[in-house]
Amino acid sequence: MSSLSHPTEETPPRPPDLPVREEYIPWASCVQAIRLKVDERHWLDVSFALPGQTRAFVLLLETHQEALQNQALAQALTARGFGTLTASLLTPEEHTDAEELAWHVNDLGERAATVLEWLEHQPFRGTLPLAAVGWRTAAAALIRLAARETQTFYALSCLEGRIDLAGAGPLLALTVPIQLLTSSATDDKPNLAAWPHIGAEKRWEHLPPPTPAGPWPEAIALTCEWFERHLPTTPSSLAAAAG
């Protein structure tokens, strides 16, 4: 990860192995933030929320610039019964250079894979259906991940996503339903060239632009609807949250 190398002045403590099964009370809400180690020098900010009667799980990937909008989306998903894991793919020390580092899609992809691996080993994950959100360039990293992990995700939603940065190979290999939400703030020309490469079920909506420091209500509504349509909600999937 040399291209994203920003040494920290002090090493944060290793995050505890939380939540352990005994600390998770079935059907009770749980919200927790931790630092996740992705290599010898870098720790990512990760937070998860488990609503009562968790119906499915959503992984939300960002690059810090859209943190407030991503938080509003995560809250809306949790209110609808989705467990969420929100991860910034840049460390706090890298946030000052986020405009540049967010374009390092290869490095973002490695970190996204580490976050997914961590999630898959947590007791609260169980066997619940999984979907994912990728903002801007993190959307490209997500597409590459989903193209490799063909049995992992039920649906993707890319917000202001630069899907072209995923490359033609991953776009062609994608089998999971994907939604692309853009606005006048998005340069759609690269996405227009990339869109025909996707053979999976797909939907592209052009929305009013989000406010800089607030929620994006149209994108929140469409993402919730997309996941409710594509993620199963069966008694067995609900029971998985209880272990």
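Me: What volume does the second largest pocket have?
Reply: About 330 Å³, where volume is the space filled by probe spheres set on grid points, joined across faces, edges and corners. This is a predicted model, so local features need pLDDT of at least 70 and side-chain atom pairs count only at pLDDT 80 or more, while totals for chains, interfaces and linings use all residues. Residues are numbered from 1 along each chain as its sequence is written, and side-chain values use heavy atoms, with hydrogens and water left out.

Me: What makes T63 and D187 part of the lining of the second largest pocket?
Reply: A pocket is an open set of points on a 1 Å grid over the protein atoms alone, where a 1.4 Å probe fits, with protein on both sides within 12 Å along at least five of seven lines; a lining residue has an atom within 4 Å of a point. T63 and D187 are on that list, along with others including W103, R136 and R162.

Me: How do the residues of that lining divide by class?
Reply: Five are charged, four polar and three nonpolar. Charged means Asp, Glu, Lys or Arg; nonpolar means Ala, Val, Leu, Ile, Met, Phe, Trp, Tyr, Cys or Pro; the others, Gly among them, are polar.

Me: And which residues lie nearest the centre of the largest pocket?
Reply: S47, E62, Q71, A74 and T86, out of 21 lining residues. The space there is about 420 Å³. By class, the lining has 11 polar, eight nonpolar and two charged residues. Helix α1 gives the largest share, six residues; helices here are DSSP runs of H or I, at least four residues, and strands are runs of E, at least two, numbered from the N terminus.

Me: Why is α3 called oblique to α4?
Reply: Their angle is about 60°, with the axes 8 Å apart. Axes are lines fitted to C-alpha atoms over the stretch in contact, and angles run from 0 to 180 degrees between N-to-C directions. Under 35 degrees is roughly parallel, over 145 roughly antiparallel, 65 to 115 roughly perpendicular, and the rest oblique. Therefore α3 is oblique to α4. The contact (heavy atoms within 4.5 Å) includes L108 and A112 of α3 and A141 and L145 of α4. By class, this contact has nine nonpolar, three polar and two charged residues.

Me: What makes α1 oblique to α7?
Reply: α1 and α7 pack at about 40°, with axes 10 Å apart, so α1 counts as oblique to α7 too. Here A72, L73, A76 and L77 meet I220, T223, C224 and F227.
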